[in-house]
Amino acid sequence: MIAFLIKRLYHALLVMFVISIIAFAIQDNLGDPIQQMVGQSVPESEREALREELGLNDPFLVQYLRFAGNAVQFDFGYSYTFNQPTTEVIMRHLPATLELVAASTFLIIALSVPIGVYSAIRPRAWLSRFFMGVSIVGISIPVFLTAIVLIQIFAIGVSVSPFPADTGWGAWLNEALSTDGGMPAYGRGDPVNVFGTWDTNFASLTGLTYLVLPAVSLASIMLPLFIRLIRAEMLEVLQSEYVKFARAKGISLRRIYFIHALKNTMLPVITVGGVQIGTLVAYTILTETVFQWPGMGLMFLNAIQRSDVPLIVTYLMIVGLIFVITNTLVDLIYGLVNPTVKLTGKPA
Amino acid sequence: MTTTNSSMAAAPVASRWSRFRGSYLLYSFKRDPVAQLSLLVFIMLVGVAVLAPWLAPMDPYDLAQIDILASELPPFWIDGSDPAYVMGTDAQGRDLLSTILYGARVSLIIGFGAVALQALLGVSFGLLAGYLGGRVDAFLMRLADIQLSFSTLMVAIVVGALVKAVFGGATYSDYAVPLLVLIIGLAEWPQYARTVRASVLAERSKEYVDAARVMGFTSRRIMFRHILPNTLSPIFVISTVQVANAIISEAALSFLGLGMPETHPSLGSLIKSGFDYIQSGSWWITLIPGAVLVILVLVINLLGDWLRDVLNPRLYKG
């Protein structure tokens, strides 16, 4: 167990090292900090002096070590556009993104497990086929398009009139297919402040209404994937010997499905799922852009547009850290839950 | 090529065509209406996209044909439409139907180009890793792991942003198509590499590879002439899904402003430019190209699903 732990930690550190090299190379090659600090009118000799003083003429390795030393202490310098330490800027935007990811994760788990299990238990039922059909359509819709459609339907509203309005059923259908809109779709509203720096949308009902559309959009991209994954794994488990044996022994079907089979279904779901929850962070960039949700993704995109190099670098490092932590945790949890993983040997 | 699973492959005199006619692939295609419909829609979409310069009522790249007074006209079934513009016009007065045809063309070019690059990189790396093993294998697969753990979309966004920052916005727009092919190709090669490596590992221990080695063939010859043909089914299946993914990735990059410029739009940049007008009620500028994008990706995914069921290769899980 200890060897396994050390191996995983070594792997995680290696990845962080690669990320930091990339991040440093970006900082080194993009944008001239002197230009940002002094502007046009300062003569070249003074620029050169300042460059020397800041250590920008040092060899690559020396500069990298300085960068890494500061990075370990979460010091990435100042953002050009905010004029604040980049870590402070990120920490201000982090809660919005985390709350969005948390709400989506909740939706994904709450919906995908029952739907996936149901369509594995009754693969031929029309409802299962319907879910499978919907899920392949869902995979084919890019997340920003889902978001736009949700905005059109629930925030702006749709009024349709394809049916004759003078007949009773036509008027009723037109009415039923039209929506009023009115759901909030831009920004976070007025989040409630808790613990000093954390603004939360979970504390008030209006806050939650602001969260609904972005969270549903973000969940829509992963939900089909999880439903299909859980269904496929469950189908495989239901074919296995021990399930047949349990059935032959006369154990109630409910117990077989939800106690015996579901446990083994969830093993691969944890590995794939854990990694996918991490990639949700990537999709927040798209979701936050559509909804102008003031999280890290939107901040990152703005930083790119304004060439705010320190902020870009900090975002990459922190998101990299989030990815590495989730992946390592997933590996460790998988190693702990699945007794067939060889903890000491080379993990697959 | 598509008949690798054919039961008649053993007959030495059978021509490719007759082998195809007797294949399980064709048999199951004839029995699957969803696959038939998907293929039909896909061929139609590719057809109109390829023929866009001849089919489109106007050339959206030609500024002289654009009438700014005709901007934001609705499609034909809504009051206030102009019969000259069947699907309406966008905010710059371009005919939406023409822009969509040209946009689908751009999306498809980038999608297929990126997948060709991914396949080239992924298949080569997968073959090398699987066949050579050892340090090469460890290095390439570790690289693939790292890249995949970041999600391909994230890698594409970051690389796209950096390339744009290095070249500057104007140059980026000029070379957007090859750059996007490069970015998406580089971001997604690990999918191929893992799948190919897994099947190479399974093939490597078989006798025909030993025989080839004993006969003194070079590693390169064994890899490309002997092992590669036997790993084609998973490559086919993965390619369909990857084309769909590449088209979505391109659309996502364009939507973020890191893709095709509005003067030379893909489906993604059309959706992006239309999104600014959705609040003023002109939903068609964004939702009609969006619907085309979804249909295109959906039929490719449905074909991929069907192909996976038929060829049933051992795909890398997860």
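Helices (H or I, at least four residues) and strands (E, at least two) are DSSP runs, numbered from the N terminus. The first stop uses that scheme.

**Stop 1: Ser217(A)**

Select Ser217(A). This residue sits in helix H9 of chain A, residues 205–238. The model is predicted: local features need pLDDT of at least 70, side-chain atom pairs count only at pLDDT 80 or more, and totals for chains, interfaces and linings use all residues. Residues are numbered from 1 along each chain as its sequence is written, while chains are lettered from A and ligands numbered from 1 in the order in which they are written.

Is Ser217(A) buried or exposed? A residue is buried if 20 or more other C-beta atoms lie within 10 Å of its own, exposed if 12 or fewer, and partly exposed in between; the C-beta atoms are placed from the backbone. Ser217(A) has 25 C-beta neighbours inside 10 Å, so it counts as buried.

Now show its contacts. Two residues are in contact if their C-beta atoms, placed from the backbone, lie within 7 Å. Setting aside neighbours within four places in sequence, Ser217(A) is in contact with Val143(A), Thr146(A), Ala147(A), Leu150(A) and Thr287(A). For a distance check, pick Tyr80(A): 137 residues from Ser217(A) along the chain, with 32 Å between the two C-alpha atoms.

**Stop 2: H3(A)**

Select residues 44–53 of chain A, which form helix H3. Of these 10 residues the number buried is zero, so the helix lies largely in the open.

**Stop 3: confidence in chain A**

Color by pLDDT, the predictor's confidence in each residue, from 0 to 100. Chain A averages 81, and 89% of the residues score at least 70. Among the elements of chain A, helix H2 (residues 33–38) has the lowest mean pLDDT, 66. Helix H5 (residues 86–121) of chain A has the highest, 90. Then select residues 343–348 of chain A, where pLDDT is below 50. Beyond near neighbours in sequence, this stretch has eight contacts in the model.

**Stop 4: chain B as a whole**

Chain B has 14 helices and zero strands. Its C-alpha atoms fill a box of roughly 75 × 50 × 30 Å along the principal axes. Of its 318 residues, 46% are buried. Among contacts in chain B with a separation of 6 or more, 68% join residues 24 or more positions apart.

The mean pLDDT of chain B is 82, with 92% of residues at 70 or more.

**Stop 5: H3(B)**

Zoom to H3(B). Its 18 residues reach 25 Å from first C-alpha to last, close to the 26 Å expected at 1.5 Å a residue; the expected span is 1.5 Å times one less than the number of residues.

Which residues of H3(B) are buried? Ala35(B), Ser38(B) and Ala49(B) are. Look down the axis: the buried residues of H3(B) fall within an arc of 65°, so they line one face of the helix. That arc is taken from the directions from the helix axis to the C-beta atoms. Exposed on the other side are residues including Pro33(B), Leu37(B) and Met44(B). The cover over the buried residues includes helices H2 (24–30), H4 (52–55), H5 (96–132) and H14 of chain B.

**Stop 6: annotated spans**

An unreviewed UniProt entry places "domain: ABC transmembrane type-1" at residues 104–304 of chain B. UniProt positions use the numbering here, feature names are shortened, and annotations may be inferred rather than shown by experiment. Residues 104–304 of chain B are 83% helix and 0% strand, with end C-alpha atoms 20 Å apart.

UniProt's "transmembrane region" entries (unreviewed) include residues 106–134 and 227–248 of chain B. Residues 106–134 of chain B are 97% helix, and their end C-alpha atoms lie 41 Å apart. For residues 227–248 of chain B, the values are 82% helix and 32 Å.

**Stop 7: the interface**

Show both chains. 32 residues of chain B are in contact with 31 residues of chain A. On that side of chain B, H14(B) gives the largest share, nine residues. The predictor gives the complex an ipTM of 0.81 and a pTM of 0.84.
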